[in-house]
Amino acid sequence: MKYNVELDLRNKKEGYAFGQVAAQANGAAWLKCGDTVILATVVIDETDFVDEDFLPLTVQYIEKSYAAGKFPGGFIKRETKPSDFETLTSRIVDRSLRPLFPKGFANPIQITIMVLSADREADLQVLALNAASAALYVSDVDIFNSVSAVRVGKIDDEIVFNPTRSQLENSTLDLYLAGSKDDMLMIEMQALGTDEMEIIDIGMIDPMVDPVMGSSAIAVRKSNALPEDELIRVLSQAQEALFEANSAYENAFKPFASEPFELQYVISEINAEMVEFVRTHHTDDIKRGISQMAKTERSTALRTIRKAILKEMPDWNEHELKKAIESVKRTMVRSQILDEKVRADGRGLSEVRPIKIETNVLPSAHASALFTRGQTQALVVLTLGGSKDAQMYENLTDSGTQNEAFMVHYNFPGFSVGEPSPIGAPRRRELGHGNLAKRALEGVCVSNGQTVRLVSEILESNGSSSMATVCGGYMALRAGDIEMADPIAGVAMGMVAEGDRHAILTDIMGLEDHDGDLDFKVAGSKEGITAMQMDIKLGGIRLDVLKEALYQAKEARAHIIDIMMSSEDQIELNEGTLPSTDLFHIDPSFIGDIIGQAGKTIREIIERFDVTIDIDKKKGAVKLTGKNRDGLRGARDHIEGIVSGATAVEKVEYKVGDIVNGKVKKIVDFGAFIELPGGIDGLIHISKLSDGHISRVSDVLKEGDELMVEVVEFKGNKIGLGRAK
């Protein structure tokens, strides 16, 4: 392949070939970066137009298994259903490119991105957007703005642009920023939690608990939430990187751009006469209608207004009238916010809707939380399991199968917005919202090796259901007694801007999302941000305005967290159904007492208390997992009782030649186990019971007999005995 363009960008080199493959597409770009090869194509239907007011853009990101020398997993050996990563990447590219298209663009357009060769260190999401943008730029579609992506990590407190996948594993920040030369268009951010060793006063340590028996270092979970000021500084640097990259792309791609064909924009004119009539005679009716917060109630109110007007004006076109009413409604919503600083439902700009929280409303579930904020309601349910319950998956660039031990699944049924639609497989939006909540909560969760699954059932929605999932998810985790590094809440922010004026809105509802200019979701603690997602409808946002929005969101999070903390104090655990894990430490020399002869003692504990037991023999770590708390407590008390009983008996050290009085503990075919003073067992072989031949041990011994024995040998920790003469 001959590459027409080769660019040396921050921490990566990209080569582009144009006009050599997929020549019948409207535009195609072949991108090579390291050993990664991606083909992106753009196809537009030049003769068809959609009749509705939306952009008919479809983006498909597809990974080919052969790109990494693999067969597709599963029974069917060809690519079928897209993975979650493919779906989420398609969504990222779509959200990044959508702002490029002018209003009225109505031709169906398909962008396909195929990964043909994959480098294990490649950032496929960054390269996917870069390839798609290049294909769009050189196509005959009349769009000549380059959009690219940059990923930012924070490694050893240093900001790193476009880190490799290996570097990202050691990062405390994962920031994906898409934009043009001048504007940020889309932001996805996650703080990556870490376990750090913390030094504490050695006098505070219980040596029965600390794994290193008196060391002053303990592991503490850190959320690494990013403070707002630091995020703004990082975004400023990233914007510089985007300016450099997009300037280089546009200069390099310009000679290969096709002659654009003339597009026919479908811009439906709003009937001025209808608008004036609605504004003159029905302003109060519309104001009452938009004060109805729920989407269904608002739609019903506007439809009632429309039907009333049609009775007065039967010759008017209903479709045109609907657009006129929508136009008046939008203007009223925006002007009321900008001029009066009051929102449609009467709230102030920074006011959060009323919040109600109930926990463990499902008695048979491990834990649950019902989080209601205004007319948005999420039922979040927690299920806990062991390592075998983790979700197995394999990304294209993974060396093997991975396990996802923290899952957030988000469901958005039609009834939540009053729509009679069937429930089916999760769509892109549902996967995206679940992924956002996962990124907000995963870094602060102390799971102690458990598999965690949160399912968010949206029961009612009027804006910000993904952030209700974050808040409900945190409460469900705490209702399951899962330790968290920080309390986490989420809030959706919006903005209305006209000219030089703007207003930032806290906790937006559906109406404000629809008629506003910014959709901005931010989750985190009182100190900083753990996850963020932003889509900008304006075509860009100034950093000073973004900073204002971030700090307004911080105030809202603090308000919500205070309410959540009050509810947390009222939690009553589902003791009867809640499985749990307990991790504690004992002196490794007592592990044998816990296991018992041939594992008898540990089996008895497992059966009696219905637990599983994992023991690290070197460190003395004991991990208990049980179906309920009572069993877990009983097992731990029993084990600690065994240890304390063993320590009450003075440990006896034996050497070869010692003669002691022992007691027959168990008879087996080949000899007998003898309990020696100090609770230690030894084995006397049948051949050493007598000078003559013995057919059966039971001919000379029975359990409970006492006899004098001599220590004759040691085999590891086992003691061999003979009969003393």
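Helix α5 spans residues 272-281, and its buried residues are Met-274, Val-275, Phe-277 and Val-278; buried means under 20% relative accessible area, exposed over 50% and partly exposed in between, with a 1.4 Å probe and protein chains only. Viewed down the axis of α5, these buried residues fall within an arc of 165°, so they line one face of the helix. This is a predicted model, in which local features need pLDDT of at least 70 and side-chain atom pairs count only at pLDDT 80 or more, while totals for chains, interfaces and linings use all residues. Residues are numbered from 1 along each chain as its sequence is written, and side-chain values use heavy atoms, with hydrogens and water left out.

**Helix α5**
- Ala-272, Glu-273 and Thr-280 are exposed on the other side of α5.
- The arc is taken from the directions from the helix axis to the C-beta atoms.
- An α-helix has 3.6 residues a turn, so residues three or four places apart point the same way.
- The N-terminal end of α5 is capped by Asn-271, with a side-chain oxygen 3.0 Å from the backbone nitrogen of Glu-273.
- A polar contact is a pair of N or O atoms within 3.5 Å; within protein, one must be able to donate a hydrogen and the other to accept it, and residues adjacent in sequence count only if both atoms are side-chain atoms.
- Helices (H or I, at least four residues) and strands (E, at least two) are DSSP runs, numbered from the N terminus.

**The open sheet and its helices**
- An open sheet is formed by 5 strands in the order β13-β14-β15-β20-β18, with mixed pairing; two strands pair if DSSP finds at least two bridges between them.
- Its edge strands, β13 (355-359) and β18 (406-411), each pair on one side only.
- On average, neighbouring strands of this sheet are turned by 15° against each other, direction ignored.
- Strands β15 (residues 376-385) and β20 (residues 451-460) run antiparallel and are joined by 9 bridges, and Leu-384 stands opposite Val-452 in β20.
- Helix α10 (residues 465-479) lies across β13, β14 (367-373), β15, β18 and β20, and runs at about 145° to β14.
- Helix α12 (residues 543-568) also packs on the sheet, where it touches β13 and β14, and its direction makes about 30° with that of β13.
- For these angles, axes are lines fitted to C-alpha atoms, for helices over the stretch in contact, and angles run from 0 to 180 degrees between N-to-C directions.

**Asn-574**
- You will find Asn-574 in the loop between α12 and β26 (580-585), and it counts as buried at 11% relative accessibility.
- A polar atom of the Asn-574 side chain lies 3.2 Å from the backbone oxygen of Leu-362.
- Leaving aside neighbours within four places in sequence, Asn-574 is in contact (heavy atoms within 4.5 Å) with Asn-360, Leu-362, Pro-363, Ala-365 and His-366.

**Strand β10 and its partners**
- In strand β10 (residues 184-191), 8 of the 8 residues are buried, so the strand is largely enclosed by the rest of the structure.
- β9 and β10 form a hairpin with 4 residues between them; 7 bridges join β9 (residues 173-179) to β10, and the two run antiparallel.
- Leu-173 has Ala-191 in β10 as its bridge partner.
- β10 is also joined by 5 bridges to strand β25 (residues 529-536), again antiparallel, with Asp-535 in β25 as the bridge partner of Met-186.

**Cysteines**
- Counting pairs of cysteine sulfur atoms within 2.5 Å as disulfides gives 0 disulfides.
- Cys-445 is in no disulfide, and the nearest cysteine sulfur, that of Cys-471, is 16 Å away.
- Cys-445 counts as buried at 7% relative accessibility, and Cys-33 counts as buried at 13%.
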